[in-house]
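I opened this notebook to record what I looked up on strand pairing and charged side chains.

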Amino acid sequence: MEKHWSTVCALLLAFGTFVHFDTVFAAEVKSGNLTAKPGVCPGRRWGAGLCAEFCTHDSDCPNEEKCCHNGCGHQCMAPYTVKPGRCALPQATRMCAEYCYHDGECPGEQKCCRTTCGHACSEPC
């Protein structure tokens, strides 16, 4: 009988937590506090993140961080910078390498553009 009560308590605790977060989220929606922050969430390069929900929206995160999918759950992460302009068609390169992963790693107005074998900084078109 003791195992039964511990299961019931665990379920009630989980339900109470869900109701609390749902109520907080609904209050933010009604008050209009859900504004997306600028930037783009980084993509996962390998594996999966923690299977937990550390945030539900950008407003849950400090400073410029965004609420991003980590491969399993959501957590606050520094966003990638996306500069204006478009990348030209991929340029042929002799070396296959990833010189950049996002625009924020490129100097000035340059963007991180795809090459025939990787990514490199180049002037936007």
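I began with β4 and strand β5 (residues 118–122), which pair in the antiparallel sense over five bridges. I took two strands as paired if DSSP finds at least two bridges between them; strands are DSSP runs (E, at least two residues), numbered from the N terminus. Within this pairing, Thr-115 has Gly-118 of β5 as its bridge partner.

I note that the model is predicted, that local features need pLDDT of at least 70 and side-chain atom pairs pLDDT 80 or more, while totals for chains, interfaces and linings use all residues. Residues are numbered from 1 along each chain as its sequence is written, and side-chain values use heavy atoms, leaving out hydrogens and water.

I then traced the sheet: it is open, with three strands in the order β3-β5-β4 and mixed pairing. Its edge strands, each pairing on one side only, are β3 (97–98) and β4 (111–115).

Next I looked up Ala-97, which lies in strand β3. Its contacts (heavy atoms within 4.5 Å) are Cys-117, Gly-118 and His-119, not counting residues up to four places away in sequence. The C-alpha atoms of Ala-97 and Gly-118 are 5.1 Å apart, although 21 residues separate the two along the chain. Is Ala-97 buried or partly exposed? I recorded it as partly exposed, because its relative accessibility is 23%; buried means under 20% relative accessible area, exposed over 50%, and partly exposed in between (1.4 Å probe, protein chains only).

Last, I searched the whole structure for salt bridges and found two, the criterion being a side-chain nitrogen of Lys or Arg within 4 Å of a carboxyl oxygen of Asp or Glu. Lys-111 pairs with Asp-103 at 2.7 Å between the closest N and O atoms, and both residues are buried. Lys-66 pairs with Asp-58 at 2.8 Å between the closest N and O atoms; both of these are buried.

Note on methods. Helix = DSSP H or I, 4+ residues; strand = E, 2+ residues; numbered from the N terminus.
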